[in-house]
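Please look over the sequence and the 3D structure shown here. The report below is meant for a reader who has not seen them before.

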Amino acid sequence: MSPFFMFNNMKNSNISSRICELATEITMAVSNGHRPHDNDKFKEHRKELTDLRCKYFGEESSFCKTERKNVR
């Protein structure tokens with residue numbers, strides 16, 4: 001199932017839960033010594049986080065515009 005289809009059918013509570021899950025996984029890896037970079041194993045997580053946050057806060061929100069600029 002494509003992430004786009006999945007995001008469109010998610011409720012805000014599910015979106016916020018998934019955001020927390022992904023962010024926690026990345027944070028735990030960093031606290032255990034992972035050194036983040038553009039092509040690390042969390043690249044897809046960061047992309048999904050951006051997509052979910054834009055869905056949650058709205059595509060026109062300043063948060064989403066900033067996130068989109070920062071994703072490589």
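## Basis

This is a predicted model, in which local features need pLDDT of at least 70 and side-chain atom pairs count only at pLDDT 80 or more, while totals for chains, interfaces and linings use all residues. Residues are numbered from 1 along each chain as its sequence is written, and side-chain values use heavy atoms, with hydrogens and water left out.

## Salt bridges around Arg-18

A salt bridge is a side-chain nitrogen of Lys or Arg within 4 Å of a carboxyl oxygen of Asp or Glu. By this rule the model has 4 salt bridges. One of them joins Arg-18 to Glu-21, with the closest N and O atoms 2.5 Å apart. Both residues belong to helix H2 (residues 12-31), where they are 3 residues apart, about one turn of the helix. Helices here are DSSP runs of H or I with at least four residues, numbered from the N terminus.

Arg-18 also meets Glu-48 in a salt bridge, at 2.9 Å from N to O. Because Arg-18 lies in helix H2 and Glu-48 in helix H3 (residues 43-57), this pair ties together parts that are 30 residues apart in sequence. For accessibility, buried means under 20% relative accessible area, exposed over 50%, and partly exposed in between (1.4 Å probe, protein chains only). Arg-18 is partly exposed at 24%, and Glu-21 is partly exposed at 47%. Glu-48, at 14%, counts as buried.

Another salt bridge pairs the side chains of Arg-46 and Asp-40, at 2.8 Å from N to O. Arg-46 has 28% relative accessibility and is partly exposed, whereas Asp-40 has 8% and is buried. Through shared partners, salt bridges join Arg-18, Glu-21 and Glu-48 into one network.

## Packing of H3 and H4

Two packed helices are described by the angle between their axes and the distance between the axes. H3 packs with helix H4 (residues 62-70) at an angle of about 165 degrees, and their axes are 9 Å apart. Axes are lines fitted to C-alpha atoms over the stretch in contact, and angles run from 0 to 180 degrees between N-to-C directions. H3 is therefore roughly antiparallel to H4, a term for angles over 145 degrees.

The contact (heavy atoms within 4.5 Å) is made by Thr-50, Asp-51, Arg-53, Cys-54 and Phe-57 of H3 together with Phe-63, Cys-64, Glu-67 and Arg-68 of H4.

Terms used:
Helices (H or I, at least four residues) and strands (E, at least two) are DSSP runs, numbered from the N terminus. Angles under 35 degrees count as roughly parallel, over 145 as roughly antiparallel, 65 to 115 as roughly perpendicular and the rest as oblique.
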